[in-house]
There are 2 protein chains.
Amino acid sequence: MSSLEALKKWFSTHKEELKRDYFSFLRFKSISTDPDYANESKACAEWLRSYIAKHCGMKTELIPTPGYPLVYGEDMRAGIDAPTILVYGHYDVQPVDPIELWHSDPFEPTERNGKIYARGAVDDKGQIFFAVAAVRAWHEMGKQLPVNLKFCIEGEEESTSVGLSKALPSLKEKLKADALAVVDFGQFDETTPAITLGGRGLVTLELILTGSNGDLHSGSHGGIAYNPNRAMAELLAKVWDDDGRVRIHGFYDDVLEMTEKEKDLFTPNVDEKSYRKEFGIDAIGGEKGLPLFVRKGFRPTFEINGMSGGYTGKGFKTVIPAHASAKISCRLVPNQNPQKIASAVIDFLKKNVPSGIRIEIKNVSGEEAFRGSADSDLAKAVCLASTEVMGKECKRVVSGGSIPIIASMCKILNAEVVGMGQGLATDDIHAPNEHFDFKRFENGFLTFARTIELL
Amino acid sequence: MSSLEALKKWFSTHKEELKRDYFSFLRFKSISTDPDYANESKACAEWLRSYIAKHCGMKTELIPTPGYPLVYGEDMRAGIDAPTILVYGHYDVQPVDPIELWHSDPFEPTERNGKIYARGAVDDKGQIFFAVAAVRAWHEMGKQLPVNLKFCIEGEEESTSVGLSKALPSLKEKLKADALAVVDFGQFDETTPAITLGGRGLVTLELILTGSNGDLHSGSHGGIAYNPNRAMAELLAKVWDDDGRVRIHGFYDDVLEMTEKEKDLFTPNVDEKSYRKEFGIDAIGGEKGLPLFVRKGFRPTFEINGMSGGYTGKGFKTVIPAHASAKISCRLVPNQNPQKIASAVIDFLKKNVPSGIRIEIKNVSGEEAFRGSADSDLAKAVCLASTEVMGKECKRVVSGGSIPIIASMCKILNAEVVGMGQGLATDDIHAPNEHFDFKRFENGFLTFARTIELL
């Protein structure tokens, strides 16, 4: 029986048990961005550490950070001559709003048509859990891992990795590895595997505009007071020109054009027609004139992730609000410096806010983009394993998403990096009804287990 | 003892009892715009009807409407040769958001420094209650009213008077009157009385922009999907030109310029310096080049009362929302037709929405502005009474606010109209910590009681 057959058999025998454990993992409301869920995050970390300790034969610990703890596990028995792989993932999840659009409780995993519906089903609990399950399989099948393996599973990926980024410099030795496997990415499509050789950086900030000391009656004050909602619309409308390019001074200065090598290496992974249909999109944004996969993976963006001001409840309230606010993020590409972009954005907002409207900018945060090499041992092993599991050639792609901490980890650890995983754009991650086809969970398990063996 | 002295004495004797009853009235959460409070509104109406029946010697009833009931009371004993005054007010209140800015429970009236803090303390429970108290005083002092008096107190003024507007045509006989006293207005300043001879009309609507079938991850989709928040900002930013004029085609077509007579009649009631200081306003909106009292009372406006899209909770969520929405209202001036303005607004929004963004407009509603004559018997009586009570000449003003139903009532009943009341712009009506100085409650009581006598 080949390794792959043995792994399939093990999975088949343990399927119901794995699903039960996966569901337990999903039930923790580990929403890192909202401090109300702090206890859930901490309990989730301890559950995962204990699971790895019990089932994977690894030494584990919870590494404290200024934020939520890291779940750490290691199996170094392959010895100093074998390569060391650091597996990165996260146990935190996105908020669940708008909750009314979920068809089942986001924290009570529900299986429908072979798909598991829950917040975190894919991102990233599902993905990290198939990696853990793969190590468990090797352990329970009585085989020693051919590589040294470390797990570093953080609890704040969805809120800019505050804890890990602060703890990272002191963890340089502990996390030392030849390559970083970031198990938080996806496939090319339902049947075609891919490795992800880059992700975008991210700058986030909150913008608050104030027009008066308090909310005002729009009759008694309408025509005199400058409405902060109007100021917000006028200010943010100035961000883009007619070609969808961001007009912020210096925004594109450090963006590198795609090289010929990159054009050969990467497969366009957005088909406009099916994309429009899948997501119900009639309006295309981004920079006009560029292929969609380039707009998504190789160009920076400016997005208004949230915007609010005044009365937004049921019915109507004729108010001129005191404040309007927006949550803004920019995705960055390699060679862009987050601090520089954040400064440029802040300058632009301050210069363009209507006169007399008070502006406050807070919670500014940023991380660089990252790129990995297609020629690293880990990249080659992941490609081989995924082709073996899925029966098709492995594509190489760049993600439009961001894992803020990865660029720093690669730099500090001086490690290669590969993004792997089983996600698809149709999984509704970060959205209502996030779901993961359990078949892809199995493929992720098999690919991860075979990658370790092939290294 | 003069009539005024007798009224002052009666008020002084009944002060604590009146305050207790006023507080009971304020405790009802009669938020008409939110169906969750339907039972509170109905209970509030019955409480008020019963109070008038018990204390004012009036025949009362709850008149059903397609919305909340009207509290109706009448005393027609003055006979057919005496004038009939219809007193309009409302027992519903605005929502209380943002609740966290209230210093005390909005529905548990609290007295601090002689001021009563509660939602509705002024608008309009406080004002209608001093009118009821004035009728009660005449009744308990054993005097027959020199005029026929009707109360019509509705429960949906804050949500465009849906019920009353539908019931009105069938109530033409019942509400028949020579003049309408709208007890929902204010004074010129702390020490100077005013009558209000007009209010603005109102068009309200909700706007929803949709970019995709569901919320999207701003990494995986950023650069491709057109963000509805961006579309909302771009669309609404187009509403105004650089001079603060609304660019909607036809918006000002039917606006009448102020006549010389109006310029003589009305006293400017906005002092820029004190206005800026009072409300903490650095940015002035409205149409550049016009005096502030003209912008507020004699010109139409377009306001974004609420705007929301995407994640607006704590922390951050990197989402491209499926929808963005806005609640919009326009204040209208005499001679503007609400249907015509609503159509112009809707046309503008549909024409200017970014291509491919789906637009939905709902809950469109509108009412005309109204104007009353300074020469009517009621206007003269209110002026005289208020001068007697406050010791200063009564100013004539136009309100920037709207009481949507008044124009229809004047037309259908063919009645004169005067706006009266004790409100001030600093009372925080429609805002957190709405409050009413109890001294002004007394002045309102005295003015209303004397007005009846002087007619």
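This is a guided tour of a predicted model, stop by stop, with what to select in your viewer.

Residues are numbered from 1 along each chain as its sequence is written, while chains are lettered from A and ligands numbered from 1 in the order in which they are written. Because the model is predicted, local features need pLDDT of at least 70 and side-chain atom pairs count only at pLDDT 80 or more, whereas totals for chains, interfaces and linings use all residues.

**Stop 1: chain A as a whole**

Select chain A, which has 12 helices and 19 strands. Helices here are DSSP runs of H or I with at least four residues, strands are runs of E with at least two, and both are numbered from the N terminus. The C-alpha atoms fill a box of roughly 80 × 50 × 45 Å along the principal axes. For 455 residues, a compact globule would have a radius of gyration near 23 Å, and chain A agrees at 23 Å; the radius is taken over C-alpha atoms, and the globule rule is 2.2 Å times the number of residues to the power 0.38. Buried residues make up 57% of the 455. A residue is buried if 20 or more other C-beta atoms, placed from the backbone, lie within 10 Å of its own, exposed if 12 or fewer, and partly exposed in between.

**Stop 2: helix α10 of chain A**

Now select residues 377-390 of chain A, helix α10, which reaches 20 Å from first C-alpha to last, close to the 20 Å expected at 1.5 Å a residue (1.5 Å times one less than the number of residues). Its buried residues include Leu378(A), Val382(A), Cys383(A) and Met390(A). Among the elements covering them are β3, β7 and α12 of chain A. Step on to Gly391(A), which follows the helix and has a positive phi near 75 degrees.

**Stop 3**

Most residues other than glycine have a negative phi, and most peptide bonds are trans. Go to Asp97(A) and Pro98(A), joined by a cis peptide bond with omega about -5 degrees; Pro98(A) lies in the loop between β3 and β4 of chain A. Then pick Asp428(A), with a positive phi of about 55 degrees although not a glycine. Is Asp428(A) buried or exposed? Asp428(A) is buried, with 24 other C-beta atoms within 10 Å.

**Stop 4: where the chains meet**

Show both chains: 85 residues of chain B are in contact with 85 residues of chain A, contact meaning C-beta atoms, placed from the backbone, within 7 Å. On the side of chain B that touches chain A, β12(B) gives the largest share, 9 residues. Zoom in on residues 301-310 of chain A, strand β12, which runs antiparallel to β12(B) and is joined to it by 5 bridges; strands pair if DSSP finds at least two bridges between them.

**Stop 5: helix α9 of chain B**

Which residues are buried in α9(B)? They are Pro338(B), Ile341(B), Val345(B), Phe348(B) and Leu349(B). They cover an arc of only 95 degrees around the axis, which puts them on the same side of α9(B); the arc is that of the directions from the helix axis to the C-beta atoms. On the face turned away, find the exposed residues Gln339(B), Lys350(B) and Lys351(B).

Key. Two residues are in contact if their C-beta atoms, placed from the backbone, lie within 7 Å.
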